[in-house]
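Hi,

Here's the structure I said I'd pass on.

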Amino acid sequence: MTFLVIDIGNTRLKWGLYEQAHPESPLLHQGAVVLEDIDGLWESAWQHLPRPEGMLGCVVAGEAIKRRVEEHLNRWGLQPRWLVATPRAGGVNNGYDHPHRLGADRWAALVGARHEALTQGVARAAALVIMVGTAVTIDALDTQGNFLGGAIMPGFGLMLRALETGTAGLKVPMGTATDFPTNTSDALTSGGTDAIAGAVDRAYRRLARREGCDPLLLMSGGAAPKLLSLADELPVRFVDHLIFLGLLVLAAEQGLGRQTS
Ligand SMILES: Nc1ncnc2c1ncn2[C@@H]1O[C@H](COP(=O)(O)OP(=O)(O)O)[C@@H](O)[C@H]1O
Ligand SMILES: CC(C)(COP(=O)(O)O)[C@@H](O)C(=O)NCCC(=O)O
Ligand SMILES: [K+]
């Protein structure tokens, strides 16, 4: 069999085709498209895949996008299943005031992170989960797998666009992050990088203090490579497929391996 996982964010749809609905399953095929190109997803990629026997997805991009993807899934006769955050699943307790209002992508990433943390040994099982996409989220898991809460801030693109539209003098090309920027492009890129890195640093220290140990620091998302330099200061691990991993853990738990259409 094969099992499809989908992560639809506010910028891109990411998909992965796995051998089975299981966290240790091999990844067979994967791809990503920006939301503007979603209508071509069947012709460009999915029609060439072996038909998945089941799927689980998370979507934070809204109903219209979700329905367009469901039309593609229908061509396989595949019943769409979209994750909603719950009070407890995949070994994680959801501490959000209204658990179901937590973004499904954050929920999947937390479940994936908990799975990662446990495979590293209980002493280091607290984790900080950073997703760097359209927005940046910084979510904390304690040593027991309780999601304590987490912050949302604008991602690189949103920060730059806000500065561009809100000022007259900041319409410049992308720059490079440096310690002491000496031109507008570098100043903007450095500002965005420091804003995110500084927020991560604060959250990391806060969680370490609370849990009395060094948390696992996991970073994922399309723009995570822009924060590579953070590894000079913090023990950050870049993980490619944290959301896919969480979706597989949850799919296995829900017995979605063999869905009927
Ligand atoms: N081909 C690409 N098209 C658009 N953004 C890209 C691309 N490659 C990397 N990125 C970066 O990744 C970010 C989107 O990351 P992603 O995790 O897909 O976000 P989301 O889950 O919010 O859709 C963009 O803001 C951009 O910085
Ligand atoms: C925080 C998010 C906008 C992140 O979206 P992304 O950057 O992945 O496109 C998304 O997880 C969301 O809409 N969450 C719902 C609100 C919440 O989590 O509190
Ligand atoms: K995301």
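**The sheet and what packs on it**

In this predicted model, Arg 88 stands opposite Asn 93 in S6. Helices (H or I, at least four residues) and strands (E, at least two) here are DSSP runs, numbered from the N terminus. S5 and strand S6 (residues 92-94) run antiparallel and are joined by 2 bridges; two strands count as paired if DSSP finds at least two bridges between them. They belong to an open sheet of 7 strands with mixed pairing, in the order S5-S6-S9-S8-S7-S10-S11. Strand S5 (88-89) and strand S11 (236-238) are at the edges with a single partner strand each, so one side of each has no neighbour in the sheet.

Helix H5 (residues 184-211) packs on that sheet, where it touches strand S7 (127-132), S8, strand S9 (146-154) and strand S10 (216-220). The direction of H5 makes about 10° with that of S8 (axes are lines fitted to C-alpha atoms, for helices over the stretch in contact, and angles run from 0 to 180 degrees between N-to-C directions).

Before you go further, the bookkeeping: residues are numbered from 1 along each chain as its sequence is written, while chains are lettered from A and ligands numbered from 1 in the order in which they are written. As the model is a predicted one, local features need pLDDT of at least 70 and side-chain atom pairs count only at pLDDT 80 or more, whereas totals for chains, interfaces and linings use all residues.

Ile 138 sits in strand S8. It is buried, with 24 other C-beta atoms within 10 Å (buried means 20 or more, exposed 12 or fewer, partly exposed in between, with C-beta atoms placed from the backbone). Beyond its neighbours within four places in sequence, Ile 138 has contacts that include Leu 128, Ile 130, Gly 150 and Ala 199; a contact is two such C-beta atoms within 7 Å.

**The annotated positions**

UniProt, in an unreviewed entry, puts "active site" at Asp 105. UniProt positions follow the numbering used here, feature names are shortened, and annotations may be inferred rather than shown by experiment. Asp 105 lies in helix H3 (residues 104-119) and is buried, with 29 other C-beta atoms within 10 Å. Leaving out neighbours within four places in sequence, Asp 105 contacts Asp 7, Gly 9, Cys 58, Val 60, Met 131 and Ile 243.

The unreviewed entry also gives "binding site" at Tyr 96, Gly 103, Ala 104, Asp 105, Arg 106 and Thr 184. Those span 89 residues in sequence, and the farthest two C-alpha atoms are 39.2 Å apart, so they do not all gather at one spot. Tyr 96 is in the loop between S6 and H3 and is partly exposed, with 18 other C-beta atoms within 10 Å.

**The two ligands**

Which residues come nearest to ligand 1? Of the 13 around it, they are Gly 9, Thr 11, Gly 133, Thr 134 and Gly 222 (a residue is near if its C-beta atom, placed from the backbone, lies within 6 Å).

Ligand 2 is surrounded by 13 residues, the closest being Gly 9, Asn 10, Gly 103, Gly 133 and Ala 135. H3 and strand S8 (135-141) are the elements that give two or more residues to that shell.

Cheers
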